[in-house]
Amino acid sequence: MSTKRLVMTAAAAAGALTLSACGSGGPGGADGEFTDDKVVLAVLNDASGVYKDVSGPNSVKAVEMAVADFQEKYGDEAVVDTIEVTSADHQNKPDVANTQAQALYDREMADIILDVPTSSAALAVATQAAEKKKLYINISGGTTELTNAQCNKYTFHWAYDTYQLAQTTGTAVTEGGGTDWQIIYPDYAFGQDMNKNFTAAIEAAGGTVGGSIATPFPNDNFSTFLTRAAAEDPDIIGTMQAGGDLINLVKQYNEAGLKDQGIGLAVGLMFITDIHSLGVEEMEGVQFADAWYWNFDDENREWADRFMEETGVRPSFANAGNYSAAMNYLEAIQEEGTDDADTIVAHLEGKEIDDFFLRNGKVRAEDHRVIHDVYLAQVKAPGDVEEDWDYQEIIATIPAEDAFMPLEQSTCEMGD
């Protein structure tokens with residue numbers, strides 16, 4: 001799908017949002033503090049491939065919800081009259097993401113890019129953000145490189161990363177008795193990062209990784225790789241696939257009868273949309289790390305109910321994270337009275353945030369890693385599911401300071 005088509009679609013939605021604020025004129029909206037007298041939020045993600053359901057068009061809707069809520073909250077006091085939401089499809093390809101990011105910043109006049117699953121694509125967008133000196137908040141890409149060797153002043157990492165996933169799931173499964181692992185991972189930046197961080201977490205917890213098998217990305221046939229892993233007779237096969245690839249792998253794991261052979265399955269990254277697609281019967285008892293769960297408490301559920309009215313589905317953590325990032329960005333421009341990127345960066349650095357997504361959240365100034373409480377979850381048994389999308393039991397909450405890479409381990413050199 002072309003950028004032009006998506007922009008036209010988003011523009012129609014943005015137009016409706018714009019009308020609600022026209023004629024107001026906040027404290028800085030019409031006096032030249034904003035480029036083009038407007039703010040443009042761009043969502044760049046997978047709108048058609050294996051990661052479409054985990055974020056995709058529903059994250060665009062989440063950002064539109066944030067804009068509508070912001071405009072309702074501030075009304076005539078909003079600091080800018082016109083706020084637009086646009087989007088583009090990066091097709092999970094870093095070269096396409098690079099081109100789309102340039103177009104969004106230069107032609108669509110985006111003040112910020114949000115989301116960007118697929119770590120190789122996320123790193124490409126980070127490079128453009130640094131070059132253009134424009135904001136980029138990553139939500140659904142996992143690589144820790146965004147806040148390590150490839151960090152930059154204009155890039156923030158909001159929801160999760162591979163270190164946090166490994167520390168949560170790798171440690172819990174190993175300490176629970178699954179000590180002998182085989183890992184199957186997609187052979188690109190995300191999977192390579194997951195393999196590295198899970199191996200470190202498993203070994204630190206007293207386990208061993210007997211083998212790591214790289215697979216093409218995307219991929220729809222994992223039978224050969226599962227057979228190779230099972231031949232080593234491990235306690236656990238750890239899959240680092242996500243989205244549509246994860247769904248295919250789990251189906252083939254079950255078809256091969258590996259669970260009946262006593263070989264467990266650990267999932268490195270899972271979204272609630274994956275469980276919905278597979279059904280709890282396919283995933284019962286599987287433990288995984290979750291950055292956010294819609295039915296964790298009343299505050300989460302209230303937002304999730306609104307989201308479901310808009311989309312017909314419950315939100316993934318990526319959907320909720322996009323709302324949170326967009327709203328915090330808009331609050332920053334409201335407080336600063338400008339969309340100047342350097343001003344907004346300074347505003348966000350070191351900020352402590354406690355919203356429905358970021359519990360005990362903090363934006364680390366040193367590497368732009370956003371830390372917050374995360375969760376160890378387990379897929380419920382079919383008999384324990386009380387309503388649609390009621391798939392998860394939260395087993396443990398991992399405090400923000402323990403969940404993410406300690407600052408002293410970061411290799412980020414932020415610079416100017």
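In this predicted model, the second largest pocket is lined by Glu299, Glu302, Trp303, Arg306, Tyr323, Ser324, Met327, Asn328, Asp355 and Phe356. Two elements, helix H11 (298–311) and helix H12 (317–336), each give two or more residues to this lining. The volume of the pocket is about 200 Å³. By class, its lining residues comprise four nonpolar, two polar and four charged.

Both helices of this lining also pack against helix H2 (residues 56–74), as the following contacts show. In general terms, a pair of packed helices is described by two quantities, the angle between their axes and the distance between those axes. For H2 and H12, the angle is about 35° and the axes lie 8 Å apart. The crossing of H2 past H12 is right-handed. On the side of H2, the contact is formed by Asn58, Ser59, Ala62, Val63, Met65, Ala66, Val67, Asp69, Phe70, Lys73 and Tyr74; on the side of H12, it is formed by Ala318, Asn319, Asn322, Tyr323, Ala326, Met327, Leu330, Glu331 and Gln334. Twelve nonpolar, five polar and three charged residues make up this contact. Tyr323 and Met327, which meet H2 here, also belong to the lining of the second largest pocket.

The axes of H2 and H11 come within 11 Å and cross at roughly 115°. This crossing, too, is right-handed. Asn58, Lys61, Ala62, Met65 and Asp69 of H2 are in contact with Trp303, Arg306, Phe307, Glu310 and Thr311 of H11. The residues of this contact are four nonpolar, two polar and four charged. Trp303 and Arg306 are part of the contact with H2 and also line the second largest pocket. Within H2, Asn58, Ala62, Met65 and Asp69 meet residues of H11 and also residues of H12.

A further helix pair is formed by H5 (residues 162–175) and H6 (residues 189–204), whose axes are 8 Å apart and which pack at an angle of about 40°. The two helices are therefore oblique to each other. H5 passes H6 in a right-handed crossing. From H5, the residues in contact are Thr162, Tyr163, Leu165, Ala166, Gln167, Thr169, Gly170, Thr171 and Thr174, and their partners in H6 are Phe190, Asp193, Met194, Asn197, Phe198, Ala201 and Ile202. This contact comprises eight nonpolar, seven polar and one charged residue.

The structure contains three cavities of 30 Å³ or more. The largest cavity has a volume of about 80 Å³ and is lined by 14 residues. Those lying nearest its centre are Tyr51, Thr118, Ser140, Tyr160 and Leu269. The lining of the second largest pocket, by contrast, includes four charged residues.

Two features of the backbone complete the description. Most residues other than glycine have a negative phi, and most peptide bonds are trans. Phe217 and Pro218 are joined by a cis peptide bond, with omega about -15°. Pro218 is located in the loop between strand E7 (208–215) and helix H7 (223–230). Lys133, a residue other than glycine, has a positive phi near 60°. The position of Lys133 is in the loop between helix H4 (119–132) and strand E4 (135–138).

How values were computed: Residues are numbered from 1 along each chain as its sequence is written. This is a predicted model: local features need pLDDT of at least 70, side-chain atom pairs count only at pLDDT 80 or more; totals for chains, interfaces and linings use all residues. Side-chain values use heavy atoms; hydrogens and water are left out. On a 1 Å grid over the protein atoms alone, a cavity is a set of points where a 1.4 Å probe fits but cannot get out, and a pocket is an open set with protein on both sides within 12 Å along at least five of seven lines; lining residues have an atom within 4 Å of a point. Grid points are joined across faces, edges and corners, and a volume is the space filled by probe spheres set on the points. Axes are lines fitted to C-alpha atoms, for helices over the stretch in contact, and angles run from 0 to 180 degrees between N-to-C directions. Helices (H or I, at least four residues) and strands (E, at least two) are DSSP runs, numbered from the N terminus. Angles under 35 degrees count as roughly parallel, over 145 as roughly antiparallel, 65 to 115 as roughly perpendicular and the rest as oblique. A crossing is left-handed if the near helix is turned anticlockwise from the far one by less than a right angle, and right-handed if clockwise. Contact means heavy atoms within 4.5 Å. Ala, Val, Leu, Ile, Met, Phe, Trp, Tyr, Cys and Pro count as nonpolar, Asp, Glu, Lys and Arg as charged, and the others, Gly among them, as polar.
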